[in-house]
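Subject: Structure handover

Dear colleague,

Here is the structure for you to take over. My notes on what was found follow below it.

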Amino acid sequence: PNDNVVGSKSPTAVAINSASKAGEWIKSRLGTIKQLDTKLSPQDLVTDVDKGAELMIRKLILTHFPDHDILGEEGVPPGAAASEAALAKASTSEYLWIIDPVDGTTNFVHGFPFFCVSIALAYRGEVVVGVIYDPIRDELFVAEKGKGAYVHGNPTLVSEDAELSNSVLAVGFNPDREFALPMNMKGINALALETRSIRAGGSAALHLAYVAAGRLSGYYEVGLNAWDVAAGALLVKESGGTVTDTAGNPYHLGVRHLVATNGKIHNELLQSLAAAEATGI
Ligand code: 2AM
Ligand code: CA
Ligand code: CA
Ligand code: CA
């Protein structure tokens with residue numbers, strides 16, 4: 001899976017083409033944001049670039065697959081209940097595309113160069129294609145269920161670290177300050193002491209791509225949505241890693257409290273979060 005399949009009509013090719021085109025446009029808009037809107041809170045940002053990129057991706061997908069369903073972050077009303085209702089409704093779809101047009105909007109707005117486009121395709125509720133594109137580094141991550149995962153055509157493989165103590169993990173501070181932030185802070189407190197170090201880059205999808213590529217040994221965050229995670233979860237699994245909720249149940253589209261690792265540190269990480277009461281479950 002690489003650039004030379006663009007133009008054919010496989011779902012993977014359409015996902016790659018859409019993510020690349022949207023990503024290039026997003027990059028071209030970096031530093032130009034004049035109007036900033038918020039959703040649920042002053043921390044929950046949205047721009048015309050988020051909306052424009054989602055429309056661009058929707059149009060490209062529907063050109064090739066007019067009868068497929070699409071769940072995009074900017075297409076549902078803000079709020080956890082809304083996203084869960086949309087997901088439940090969408091679970092009746094045969095083919096469902098799950099789009100995060102800009103994952104890392106806060107970074108995009110502030111010029112911190114760590115954001116991406118995330119596009120997944122689920123067949124009967126199971127993710128079968130995952131594409132993440134980082135337009136700043138021009139890195140394209142592609143996974144197909146049962147066929148492995150790649151960054152620009154080179155197979156990705158999770159890291160070898162077998163213990164938290166020599167692992168670097170990513171964590172997140174997503175802006176739900178009532179429920180998720182206190183929970184994430186408990187986990188961050190524990191992991192800061194038990195790991196080699198932790199990072200919080202501000203893009204759930206890119207963190208997952210980095211776990212897949214062995215650049216991080218794991219990622220933990222409570223309070224995510226399907227579009228943050230769907231593509232990245234497949235990338236991690238197809239790279240030999242493990243993805244569960246914070247109770248250790250296998251990943252599915254409704255999982256909001258996520259643990260993704262190289263597999264080797266998974267149980268140690270789950271136990272550490274449970275001991276810190278940082279699971280949200
Ligand atoms: P976004 O940039 O697409 O909004 C950072 O920890 C992660 O939190 C990002 O992937 C970010 O995605 C996500 N995020 C932003 N707002 C959120 C919200 N209100 N609830 C849950 N996650 C959110
Ligand atoms: Ca958002
Ligand atoms: Ca997101
Ligand atoms: Ca987004």
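Is Glu73 buried or exposed, and how many other C-beta atoms lie within 10 Å? The model is predicted, and in it Glu73 is buried because 25 other C-beta atoms lie within 10 Å of its own, where 20 or more are required. Glu73 sits in the loop that links S3 to H3. Setting aside neighbours within four places in sequence, the contacts of Glu73 are Ile99, Asp100, Pro101 and Trp227.

The annotated site

Glu73 belongs to a group of residues that the UniProt record, an unreviewed entry, annotates as "binding site"; the group is Glu73, Asp100, Asp103 and Asp228. These residues are spread over 156 residues of sequence, yet they cluster in space, with a largest C-alpha distance of 9.6 Å.

Asp100 is part of strand S4. Asp100 is also buried, because 33 other C-beta atoms lie within 10 Å and the cut-off is 20 or more. Outside the four places on either side in sequence, Asp100 is in contact with Glu73, Ser118, Ala205, Trp227 and Asp228.

Domain 1 puts 35 residues into the contact and domain 2 puts in 25 residues. On the domain 1 side, at least two residues come from each of strand S3 (69–72), helix H3 (80–90), strand S4 (95–103), helix H4 (105–110), strand S5 (116–123), strand S6 (126–134), strand S7 (139–144) and strand S8 (148–151). By type, the residues on this side of domain 1 are 18 nonpolar, eleven polar and six charged.

The seven-stranded sheet

Seven strands form an open sheet in the order S3-S4-S5-S6-S7-S8-S9, and the pairing is mixed. S3 and S9 are the edge strands; each has a single partner strand, so one side of each has no neighbour in the sheet. Helix H2 (residues 48–64) packs on this sheet, where H2 touches S3, S4 and S5, and the direction of H2 makes about 150° with that of S4.

S6 and S7 are antiparallel and share six bridges; Gly130 stands opposite Ala143 in S7. S7 and S8 are antiparallel as well, over four bridges, and here Val142 stands opposite Tyr150 in S8. These two strands make a hairpin with three residues between them, and Gly146 in the turn has a positive phi of about 80°.

S8 is joined in turn to strand S9 (residues 154–155) by two bridges, again antiparallel. Val151 has Asn154 of S9 opposite. The S8–S9 hairpin has two residues between the strands, and His152 takes a positive phi near 45°.

The five-stranded sheet

A second open sheet holds five strands in the order S11-S10-S12-S14-S13, also with mixed pairing. The edges are strand S11 (197–199) and strand S13 (242–245), each of which pairs on one side only. On average, neighbouring strands in this sheet are turned by 20° against each other, direction ignored.

One of the pairs is Thr242 with Thr261 in S14. Helix H5 (residues 180–194) lies across strand S10 (168–171), S11 and strand S12 (218–222), and runs at about 150° to S12.

Helix H6

How many of the nine residues of helix H6 (residues 204–212) are buried? The count is nine of the nine, so H6 is largely enclosed by the rest of the structure. The buried residues of H6 are Ala204, Ala205, Leu206, His207, Leu208, Ala209, Tyr210, Val211 and Ala212. Ala205 is also one of the contacts of Asp100. After H6 comes Gly214, whose phi is positive, near 80°.

Regards

Notes
Residues are numbered from 1 along each chain as its sequence is written. Chains are lettered from A and ligands numbered from 1 in the order in which they are written. This is a predicted model: local features need pLDDT of at least 70, side-chain atom pairs count only at pLDDT 80 or more; totals for chains, interfaces and linings use all residues. Two strands pair if DSSP finds at least two bridges between them. Axes are lines fitted to C-alpha atoms, for helices over the stretch in contact, and angles run from 0 to 180 degrees between N-to-C directions. Two residues are in contact if their C-beta atoms, placed from the backbone, lie within 7 Å. Ala, Val, Leu, Ile, Met, Phe, Trp, Tyr, Cys and Pro count as nonpolar, Asp, Glu, Lys and Arg as charged, and the others, Gly among them, as polar. UniProt positions are given in the numbering used here, feature names are shortened, and annotations may be inferred rather than shown by experiment. A residue is buried if 20 or more other C-beta atoms lie within 10 Å of its own, exposed if 12 or fewer, and partly exposed in between; C-beta atoms are placed from the backbone.
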